[in-house]
Amino acid sequence: MPRFSIIVPVYKVQGFLRECLDSVLTQSFTDIEVIAVDDCSPDHCGAIIDEYAAADSRVRAVHLPQNAGLGGARNAGVTHATGDYLLFLDSDDSYTPGALAAIDERLGQTADPDVLVFDHVRTHWWGRGGRSMTADLLASAGTDTFDILSSPHYLHLFLVAWNKAYRRDFFTAHGFTYKKGLYEDAPITYEALVSARRVGCLDRVCVEYRQRRQGAITRTPGRKHFDIFDQYAGLFAFLDEHPELDAARPLLFERMINHFLATLPLTERVLPEDRADFYRTIVAFHRRYKPAGFSPPDDRYRLQWRLAAGSPYAVFRTVAAAHSLRAAALRKKDKLRKQAARKAKRTLTRVQRTRPLDPHLAVYSAFAHRGLLGDPAAVHQAAGVLAPHIRSVWVLRPDAVAQAPEGVDVVMPDTPAYHRAMSRATYFFNNVNWAPGLVKREGQIHVQTHRGTPLKHMGTDLIGRPAATYHLNVRAQLWRSDRWDYSLVSGRHAELAWDRAFPCRFTSLPTGAPRNDVLVKGDPLRGVAVRRRLGVPQGNTVILYAPTPRDHRKWYEPRVDFERLTRDAGLGVTLLVRLHPQYANAAVRGLQLRDLERRGLLVDVTDEPSVEDLMLASDALVTDYSSLMFDYACLDRPIVVHADDWEVYQVTRGTYIDLLATPPGHVTTSTAQLADLFASGTWRDARSDALRADFRARFCEYEDGHAAARVVSRVMLGQEYPLTPIPQQHAGRRGPAPLFAVPHGTR
C-alpha cells in the first residue's frame with residue numbers, strides 16, 4: 001500500500017500535462033501511486049497518460065467512458081486509490097521539488113491527522129507570483145493539530161482540492177464526493193474541515209498553481225458561475241444530514257455569503273447583465289439558510305451583508321457605486337497631500353542650500369540604506385577614532401532604523417532631517433549611487449566605496465549586452481557617477497576596471513577595501529560567536545555558498561543540488577547558503593532550503609546583515625562569479641569556484657579575467673564534483689593553497705588591514721597613510737591582471 005495516492009484529473013491540458021506528471025514522478029519521495037484520469041479529453045492527453053503508465057509502474061491510466069467534469073474525474077480516481085492519503089493535483093499545476101517529502105514529514109510530526117493543508121504559489125504566464133494570502137495562517141499552526149470549532153479562523157484557508165492531503169479512510173468513510181459544476185471544491189473542503197477531528201498545516205509551498213492566460217473556465221464569464229449556489233446548497237444539505245455538526249452552521253453561513261459577495265463584482269465571472277439575478281439569488285440564500293440569532297461579521301463586507309439581507313439590487317448597486325466614488329475621492333485627496341509635501345520638501349532643500357556647508361558633518365549609507373554595513377560602516381568606525389570632531393549621520397530605511405546601534409544619528413530618506421543633512425554635509429560615503437535627485441554642492445566630497453573588486457563587467461562595458469542592461473540605464477548611471485570624487489580600490493586590477501567601466505571625473509584611491517580590514521587581521525572569537533549563534537555544531541567544517549545573480553534569468557534557479565551536496569560532502573559539514581539580496585524572496589527559500597534547514601543539513605543565512613561575519617565563521621567559500629572571492633582571499637582560506645555555466649555567463653555578462661585559467665582555488669562544474677571535493681579533503685590541498693596565494697597577490701595588493709584608517713586620513717584629515725608591504729606566501733604573478741577584451745563600441 002503506497003503512502004500517497006495522487007489523483008490527476010485530465011482534460012484539454014496537453015501543453016501542461018507532461019510537466020505536471022514529471023513534477024510528481026521526479027520527487028525525492030517515491031512511495032506513491034499516480035492515478036491519471038482521462039475525462040474524455042479531445043486532445044492527446046489520453047495518449048500521454050498511457051505513455052507514462054507504460055514507462056512507470058506507479059502510474060495508472062484511467063479512461064472514463066464519458067465526460068464527467070472535474071469533480072467526477074476526481075471521484076473516479078478515488079475509487080482506484082489504495083494509498084494512506086489522497087492528494088489531488090490539477091493537470092495544469094505541478095509539485096515543487098521536495099514537496100511530497102515535506103508533506104510526509106509533517107504528517108509524521110502531526111501523527112497522521114485527518115486533513116493536512118499546505119501552501120501554494122501562483123504562477124502566471126509572465127512569471128511566478130507570491131505565496132498565498134494564508135501563508136501566515138498556515139505557519140501559526142506549527143506542528144499542532146486542531147478542529148475547526150475550536151479554531152474557526154482556519155476556514156479562511158484556500159477553497160481548493162489540491163492544497164490538502166486527506167487520510168483516505170477518513171475521506172471514504174464520510175462519503176465525500178465532488179459534485180458537477182464549478183466551485184466543486186468549496187463544499188468538500190468545508191465538509192471535510194468541519195468533520196475532521198484533527199487538522200494539520202504545513203507552511204511550505206508545495207504546489208505551483210498555474211494561472212492560465214486562456215482556457216481556465218473559472219476565468220470565463222457566464223451563467224456557469226451560478227453553479228456556486230448549487231454547490232453551497234449541497235453543503236447545507238450535508239449539514240442537515242449531520243445534526244452533530246450544527247455548531248458549524250453560523251461559520252459556514254458566513255463563509256458562504258462572503259464567497260457570494262466576493263464573486264458578484266468579478267468581471268471574469270459574472271456578466272453585467274447577470275448581476276441582478278446573481279444578487280437576488282444571494283438574498284434568497286441569505287433568507288433560507290441564515291441561522292437563528294446570526295449577526296454579520298464586522299469586516300469590509302459589513303454593508304454588503306446588510307444589503308444582502310433583503311435590499312433590492314438597485315439599492316445595492318447605488319450604495320456600491322457611492323463607496324467607489326468615496327474611495328476615489330480619498331485617493332485623490334491623498335495624492336494632493338503628497339504633492340504638497342513634496343513641494344514643501346523641495347522648498348526646504350533650496351533654503352538649506354543657501355546655508356554654508358558643515359565641514360564637520362559626514363553622511364553614510366550602504367546597500368540602498370539597508371543598515372550600517374560594508375565599507376561605509378568600516379569607515380564610520382575608523383572615523384570615530386581618528387576624526388571624532390566629524391559628526392556622522394546614517395541614512396536608513398524605516399525598517400532598518402531599529403537595528404541602528406545606540407548613539408548613532410539616523411535620518412530616513414525623503415524627510416526634512418534627510419534633506420537638511422544632504423544639503424549641509426561635506427563628506428558622503430556610499431557603496432552604491434545616491435538617489436538621482438541629490439544635487440551635489442560645490443565643496444562636497446563623495447566617496448564611492450563600491451561593493452567589491454569587479455569580476456563581471458560593469459558600467460559602459462555592459463553596452464551591447466541586452467540581458468545585463470534590460471533594467472539598467474547606463475547613461476543615467478554614469479550621470480550619477482559623475483558625482484564621485486574618490487573611488488576606493490583594493491588593487492591595480494580594480495583601478496583599471498573601474499576607470500574603464502565608469503569614464504567619469506573621480507580619483508582612484510589605492511586604499512584597500514575598508515570592510516576587509518577585519519578579514520586581513522582576523523578575528524577568531526567573532527567567528528566562533530557567529531557559529532554559535534547560527535547553531536553550527538562544534539567541530540564542524542563550515543562551507544559558505546554565495547552565488548551571484550544571473551542577468552538572463554528572471555527568477556533564482558539553484559545551480560547546485562543542495563540536498564545531494566549536504567548528503568555527499570561528508571559527515572561534520574555545515575552548509576551556509578547566502579543568496580544574493582535581490583533573491584531574498586526567492587521561492588526556494590520556503591521550499592528546499594527550509595526543508596533542509598529543518599533537518600539540520602544547512603543554514604539559510606540570506607538574511608544575515610553582515611557577510612563579513614559569515615566569512616569569518618566559515619572554513620571555505622564556494623561561489624561562482626561573485627566578487628566575494630576577492631574579499632575571501634584576504635582570509636587566506638580555501639575558495640572553490642563552481643562554474644557550471646561559464647560559457648553562458650561569458651555571453652550574457654562577461655568577466656574582466658579568465659577565471660577558469662587563473663582561479664583562486666579548485667573549479668567544479670557539477671554537484672557531484674563539488675561534493676567529492678569536500679568528501680575527499682581535496683578542497684584544502686597544496687594546489688588550493690598555491691592558487692589562492694597567486695590570486696591574492698594579483699588582486700589584493702592594497703589589502704593590509706588598514707584600509708579604513710587610510711580612507712579617513714586621506715579624505716577627512718588630508719594626510720597620507722602609507723601602504724604596508726604584504727608578505728607573499730607563493731611566488732605568483734605580479735602586476736595587474738589583464739582585462740578581457742571588450743567588443744568595439746562599448747566606450
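At what angle do helix α13 and helix α27 pack, and how far apart are their axes?

Analyst: This is a predicted model, in which local features need pLDDT of at least 70, side-chain atom pairs count only at pLDDT 80 or more, and totals for chains, interfaces and linings use all residues. Residues are numbered from 1 along each chain as its sequence is written, and side-chain values use heavy atoms, with hydrogens and water left out.

Helix α13 covers residues 374–386 and helix α27 residues 707–716; they pack at an angle of about 65 degrees, with axes 8 Å apart. Helices here are DSSP runs (H or I, at least four residues), numbered from the N terminus. Axes are lines fitted to C-alpha atoms over the stretch in contact, and angles run from 0 to 180 degrees between N-to-C directions. The angle therefore makes α13 roughly perpendicular to α27, a term that covers 65 to 115 degrees. The crossing of α13 past α27 is right-handed, meaning that the near helix is turned clockwise from the far one by less than a right angle.

On the α13 side, the contact (heavy atoms within 4.5 Å) is made by A378, V379, A382, A383 and L386. From α27 come A708, A709, V711, V712, S713 and M716. Of these residues, 10 are nonpolar, 1 is polar and none is charged; Ala, Val, Leu, Ile, Met, Phe, Trp, Tyr, Cys and Pro count as nonpolar, Asp, Glu, Lys and Arg as charged, and the others, Gly among them, as polar.

Elsewhere in the model, V603 is found in strand β19, residues 602–604. V603 is buried, with a relative accessible area of 12%, where buried means under 20% (1.4 Å probe, protein chains only).

Terms used
Helix = DSSP H or I, 4+ residues; strand = E, 2+ residues; numbered from the N terminus. Parallel < 35°, antiparallel > 145°, perpendicular 65-115°, else oblique. Buried < 20%, exposed > 50% of the residue type's maximum accessible area, 1.4 Å probe, protein only.
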